[in-house]
Amino acid sequence: MAAIVANSLGSQPPPTAAPRATHDPFWVRWTLTAVALLFVLFFLVLPLAAVFTEALRKGVGAYFAAVRDPDAIASIKLTLIAAGIAVPANVVFGVAASWAIAKFHFRGKSLLTTLIDLPFAVSPVISGLIFVLVFGLQGWFGGWLAEHDLKVIFAVPGIVLATTFITFPFVARELIPLMQSQGSDEEYAAITLGASGWQTFWRVTVPNIKWGLLYGIILCNARAMGEFGAVSVVSGHIRGETNTMPLHVEILYNEFNSVAAFAVASLLALLAIFTLVLKAFIEWRHAASRR
Amino acid sequence: MKSKNFLLPLLGLALAAASPARTVELLNVSYDPTRELYADFNKAFGAYWKAKTGDTVVVKQSHGGYGKQARSVIDGLPADVVTLALAADIDALSANAKLIPPDWQKRLPQNSTPYTSTIVFLVRKGNPKGIKDWDDLAKPGVSVITPNPKTSGGARWNYLAAWAYAKHRQGGDAAAKKFINALYKNVPVLDSGARGSTTTFVQREIGDVAISWENEAFFVLKEFGSDHYEIVVPSLSILTEPPVTVVDKVVRKKGTAEVARAYLEYLYSEEGQDIVGRNFYRPRSPAAVAKYAKVFPQLELVTIDSEFGGWARAQQTHFADGGIFDEIYTKK
């Protein structure tokens, strides 16, 4: 999916073919359109509306009380911290990895590409369990960590690690096809003209991948904030301490506090909508800059 | 200006001398339905401890399906105290991770269980399926909600209560096995924890009857009103004993042994017992028992020790991999 988007971003639109689709019979066109619209209505609009209706069921006062609850604020902070570390880390790793894969030939390149996809292939719960097996008290480094009073899982570092792991592929997957389609010609030209490695990277490569990179960052951020499974395993669910927003929503829901649960959920939804608007804006700017 | 500079260190000294009080943080890792109980109790203990020592105690809570909770503590979740659904999993803290001594259950009165409960049924208003006792649950066409005994402590108590009923009323273990088999055929979803099961029954409106902790059933009535749900008390059930203990290895390291012990002992105090009763757990102290006598119905209760030879045996026979539950549920 991401690859298709990036390719369409990176290449010119194909020359317009004969518009055959519009020659379909009237009822085919309308049925297909109606099915698509109904789908969007039931699977996107209604649930989103339900979240906000439920959150505001007891009025604006209850909504803000739920959002201002210290445990809710702690969960918002933790989510922002986790995303704030995971996203920049994955930008650095992602750019480095796709740079290496797209511009160079080396042994084990396909292995590296496969490894980048690993977090997508593995169930998030398993990803969480991997960290428990490595850093848990009974795990490989558990004893050593405990002796040195270092906490990884059931604390903030574990949550950051799990989030980073889960969101690792987003930036790289976005950039690799883009960089491959661009080839290395411009870089060769820059180096031939006497630019240093860094100059080539900052003045040639980065401007070329700017939009794809932003797009990857946005997707990465959206997932980092919304991740549930892996984080749930390494969190320990300590209220006000190791609960991210999605985990806090689950806890509130289990306490039959559905107004508060949906209030926090609506914040997550707002973050998601904000992210999507930002994405649309960037695509629009990108289209504008190509014109 | 000068005098201010001179005063500041003095002020600091005065503050330091006036408030030697520390802030102590405890982590209580508990199972699902105790959220409300400990939310209440933590406040009361905070006030008590502040009055007694001047220190502020902040008790953090972690709740979840109890099997997962025990697992997390074994994997390093730094719980000062654990308050879980049954003794078997606290035993695991001793057996698998040496976090506590094997004789932990002797350290506090009454097998370290400051409160008890039992297993009852929660039905929809008017009891449309006419559920009166355990055998009604195994009838065709009745949809029963109970969590997964592999991951939920409450679910194991549910299972054992049903088993004990059939054993006593229908004659022997063979009849019990047959009964359990029929009952679990009526279960459409196995949630991972007791609270998940309650949510399934109450908010997703699945099922005709939920087998539930008595405290959880009362809580649902309080939260959603008795005009939506009713409690049905079977003729025989099991005395559930959720135990508590200090996690020695953690408190030794964090230096919280004293306050953690006091925290659990306070559960046995009159105030603690009153909070226990108020949150629909059956208290232990005679005064609280008398006070809440009207709340809790009398019924025939068997115990895990007398009926099943203790948790280790029950675990081995029924819930271990390849045990009777596996036999029944995989056959389905």
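**Entry 1: domains of chain A**

I looked up the domains of chain A and found domain 1 (22–55) and domain 2 (58–290), with bounds that come from an automatic or database domain assignment. The model is predicted: local features need pLDDT of at least 70, side-chain atom pairs count only at pLDDT 80 or more, and totals for chains, interfaces and linings use all residues. Residues are numbered from 1 along each chain as its sequence is written, while chains are lettered from A and ligands numbered from 1 in the order in which they are written.

I then checked how the two domains of chain A meet. Their centres, taken over C-alpha atoms, are 30 Å apart. Five residues from domain 1 of chain A and eight residues from domain 2 of chain A make the contact; two residues are in contact if their C-beta atoms, placed from the backbone, lie within 7 Å.

**Entry 2: where the chains meet**

I found 17 residues of chain A in contact with 17 residues of chain B. The chain A side of this contact divides into seven nonpolar, seven polar and three charged residues.

**Entry 3: chain B as a whole**

I recorded 16 helices and 11 strands in chain B; helices (H or I, at least four residues) and strands (E, at least two) are DSSP runs, numbered from the N terminus. The C-alpha atoms of chain B fill a box of roughly 90 × 45 × 35 Å, taken along the principal axes. Of the 332 residues in chain B, 47% are buried. A residue is buried if 20 or more other C-beta atoms lie within 10 Å of its own, exposed if 12 or fewer, and partly exposed in between, with C-beta atoms placed from the backbone.

**Entry 4: domains of chain B**

I read domain 1 (20–113 + 241–267) and domain 2 (116–240 + 299–331) for chain B. The centres of these two domains of chain B, over C-alpha atoms, are separated by 27 Å.

**Entry 5: helix 11 of chain B**

I listed the buried residues of helix 11 (residues 257–266) of chain B: Val259(B), Ala260(B), Tyr263(B) and Leu264(B). They are on the same side of helix 11 of chain B because they cover an arc of only 135° around the axis; the arc is that of the directions from the helix axis to the C-beta atoms. An α-helix has 3.6 residues a turn, so residues three or four places apart point the same way. Among the elements of chain B that these buried residues pack against are strand 1 (23–30), helix 2 (35–53) and helix 10 (248–254).

Ser112(B) is in helix 5 (residues 109–112) of chain B and is buried, with 21 other C-beta atoms within 10 Å. Asn127(B), also not a glycine, has a positive phi of about 45°. Asn127(B) is in the loop between strand 4 (115–124) and helix 6 (134–137) of chain B. Asn127(B) is partly exposed, with 16 other C-beta atoms within 10 Å.

Definitions and conventions
Nonpolar A, V, L, I, M, F, W, Y, C, P; charged D, E, K, R; others polar.
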